[in-house]
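User: I have a structure open here and I'm new to it. Can we go through it piece by piece?

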Amino acid sequence: MNDISNIWVVLPSLDPDDKLIAVVDGLLEYGFSHIILVNDGSKPENLHYFHDLDAQHPEIHLLHHEVNKGKGAALKNAFRYFLENCPEGVGVVTVDGDNQHHPADTRACCEHMLETGHTTLGCRDFTLDHVPPRSRFGNHTTSAIFKIFVGMTILDTQTGLRAIPRAVVEQLMDVAGDRFEYETNMLLAFKTKAIPFDEVKIRTVYIEENKSSHFRVIHDSWRIYKLILAHFFRYTVSSIISAVVDTASFSLLSWLLAPLLQHFALTAAAGVGARVISSLLNFFLNKQMVFCAQVDTKKAMLRYYTLALPQMAAQVLLTQGFYTLFAISDRSNGLRTLIYAVVMTALYFLSYMIQQRWVFAPQKSK
């Protein structure tokens, strides 16, 4: 069995009750010997839980926030303590204080991390009957948004059980967020920093339908979703800028070349010229602004144009096809430009998904 003695438990807590005692007792029973317990600004009547646990268990390393700073701030404070005071520590495992993570599952995630070297997420089964409806809906929605707009398949986006190697803890210290959004930003960082991760199936435990959760459904959900959709918003801005440049270039080239070319030749020449101009602009906007990709520019550009060339051909063929179908006059450049813009919009969503999953995907570390 793997030695978990150098894996430190990170346990943030706000206004705990007796469940916190059960969490600590379970962790100690299953072989954990270092627990960083963070009091995140709890009310005075709840402080005795922290003091009692600290006095009874030498394994406890107690950190205090005088006021509530948020779960993200508590996690980062514990990570900082671990990195500064535990040079022998190989990693941490984050656990919630509401006794919804069985210590056997916590140990299983840690053992998987030790075996693979990967960050390991405890994955619950949200199809079970006892899962509260808001939790089932929230996780399914967030998972779908992650898959569509970020290109990541994560079955349990809301899990607080995460075993994280030391090197990854160091990388997560500069991730933004002080409240629940920090955990979402951690997942997004796995993508941008090419951090490998796995999911391990764990028990699906809900106590009193998760009434003890401090998660604010509307406020915190909005903070999370706007982070996930940020890439797509920036992609939209980049695409609009590129589309304006592309369409203007196409219109100008169509006018300039109209005396020289006709029919398909005119559409093709104007389309190719416009796409060369706009694609160079779009590539650098997407690399720097949208996906913030830390990838080799030459390799990314090769992949980008491997995608762009078939897309450009489809753009030209579809534009000419619809133009031939609807045009009244071969000199109707306004209609040609409108059709061109509509076709470009239709290809826009497909291009986004391919770019995030392939063109600007960082090289995963071994």
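User: By class, how many nonpolar, polar and charged residues are in the lining of the largest cavity?
Analyst: This is a predicted model. In the lining of the largest cavity, 5 residues are nonpolar, 4 are polar and 1 is charged.

User: Which residues are those?
Analyst: The lining of the largest cavity consists of Lys-191, Thr-192, His-231, Phe-291, Cys-292, Ala-293, Gln-294, Gln-356, Phe-360 and Pro-362.

User: What is the volume of that largest cavity?
Analyst: About 90 Å³. The search of the whole structure finds 1 cavity of 30 Å³ or more.

User: At what angle do H10 and H11 pack?
Analyst: H10 (residues 263-290) and H11 (residues 297-326) pack at about 150 degrees, and their axes are 9 Å apart. The contact between H10 and H11 has 13 nonpolar, 10 polar and 2 charged residues.

User: Is the crossing of H10 and H11 left-handed or right-handed?
Analyst: H10 passes H11 in a right-handed crossing.

User: Switching to the sheet. What is the strand order?
Analyst: The sheet is open, with 7 strands in the order E3-E2-E1-E4-E6-E5-E7, and the pairing is mixed. At the edges are E3 (60-65) and E7 (197-201), each of which pairs on one side only. From one strand to the next, the twist averages 20 degrees.

User: Do E1 and E4 run parallel or antiparallel?
Analyst: E1 (residues 7-13) and E4 (residues 91-94) run parallel, joined by 4 bridges. In one of these, Val-10 has Thr-94 in E4 as its bridge partner.

User: And which strands does H3 touch?
Analyst: Helix H3 (residues 71-85) packs on the sheet and touches E1, E2 (35-40), E3, E4 and E6 (162-165). The direction of H3 makes about 150 degrees with that of E1.

Notes
Residues are numbered from 1 along each chain as its sequence is written. This is a predicted model: local features need pLDDT of at least 70, side-chain atom pairs count only at pLDDT 80 or more; totals for chains, interfaces and linings use all residues. Side-chain values use heavy atoms; hydrogens and water are left out. Axes are lines fitted to C-alpha atoms, for helices over the stretch in contact, and angles run from 0 to 180 degrees between N-to-C directions. Helices (H or I, at least four residues) and strands (E, at least two) are DSSP runs, numbered from the N terminus. A crossing is left-handed if the near helix is turned anticlockwise from the far one by less than a right angle, and right-handed if clockwise. Ala, Val, Leu, Ile, Met, Phe, Trp, Tyr, Cys and Pro count as nonpolar, Asp, Glu, Lys and Arg as charged, and the others, Gly among them, as polar. Two strands pair if DSSP finds at least two bridges between them. Contact means heavy atoms within 4.5 Å. On a 1 Å grid over the protein atoms alone, a cavity is a set of points where a 1.4 Å probe fits but cannot get out, and a pocket is an open set with protein on both sides within 12 Å along at least five of seven lines; lining residues have an atom within 4 Å of a point. Grid points are joined across faces, edges and corners, and a volume is the space filled by probe spheres set on the points.
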